[in-house]
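Please consult the sequence and the structure while reading.

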Amino acid sequence: DTDRALVLLEEYCKKLQKPEEQQLKKAIRKVMGIFKSSLFQALLGSFKKKATRHGTTSHTSLPATLACDVLGCPKD
């Protein structure tokens, strides 16, 4: 879910301290802003409704999956 993705991204950002990592940190903060936006939330809600209607609910935690893929998080 989006909240989990935001937590993972925030934790990762805290680790980025070196000057050469600041551009990545800025980009991650932009992604976090997108995840928090009302437009993204509306699109995600629409996606979840369509997935449920079609019986494909395995991708409803798309933001968390994306964050884990980027950050290399272990799978549950």
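A contact means heavy atoms within 4.5 Å. The structure is a predicted model, in which local features need pLDDT of at least 70 and side-chain atom pairs count only at pLDDT 80 or more, while totals for chains, interfaces and linings use all residues. Residues are numbered from 1 along each chain as its sequence is written, and side-chain values use heavy atoms, with hydrogens and water left out.

Q: What share of the contacts between residues at least 6 apart in sequence joins residues at least 24 apart?
A: In the protein chain, 52% of those contacts join residues at least 24 apart.

Q: How many helices and strands does the protein chain have?
A: Helices (H or I, at least four residues) and strands (E, at least two) are DSSP runs, numbered from the N terminus. By that rule the protein chain has four helices and zero strands, and its pattern along the sequence is α-α-α-α.

Q: What makes the span of α2 agree with its number of residues?
A: The expected span of a helix is 1.5 Å times one less than its number of residues. For the 15 residues of α2 this gives 21 Å, and the end C-alpha atoms are 21 Å apart, so the two values agree. Helix α1, with 14 residues, reaches 20 Å from its first C-alpha to its last, close to the 20 Å expected.

Q: Which residues of α2 are called buried?
A: Buried means under 20% relative accessible area, exposed over 50%, and partly exposed in between (1.4 Å probe, protein chains only). In α2 the buried residues are K25, I28, M32 and F35. Seen down the axis of α2, these residues fall within an arc of 70°, so they line one face of the helix; the arc is that of the directions from the helix axis to the C-beta atoms. Q23, K26 and K30, on the other side of α2, are exposed.

Q: Which residues are buried in α1?
A: The buried residues in α1 are T2, A5, L6, L8, L9 and C13. They cover an arc of only 165° around the axis, which puts them on the same side of α1. On the other side of α1, the exposed residues are D3, K14 and K15.

Q: Why is A27 called partly exposed?
A: A27 has a relative accessible area of 38%, so it is partly exposed. A27 lies in helix α2.

Q: What makes E10 and R29 a salt bridge?
A: A salt bridge is a side-chain nitrogen of Lys or Arg within 4 Å of a carboxyl oxygen of Asp or Glu. The closest N and O atoms of E10 and R29 are 3.0 Å apart, and the pair forms a salt bridge. The pair links distant parts of the chain: E10 is in helix α1 (residues 2–15) and R29 in helix α2, 19 residues apart. Both partners are partly exposed, E10 with a relative accessible area of 25% and R29 with 37%. A search of the whole structure finds one salt bridge.

Q: How far from K25 is the nearest side chain of opposite charge?
A: Lys and Arg count as positive and Asp and Glu as negative, with His and the chain ends not counted. The nearest side chain of opposite charge to K25 is E10, 7.3 Å away, and K25 is buried yet has no salt bridge. K25 is found in helix α2 (residues 22–36) and touches C13, L16 and Q17, not counting residues up to four places away in sequence.
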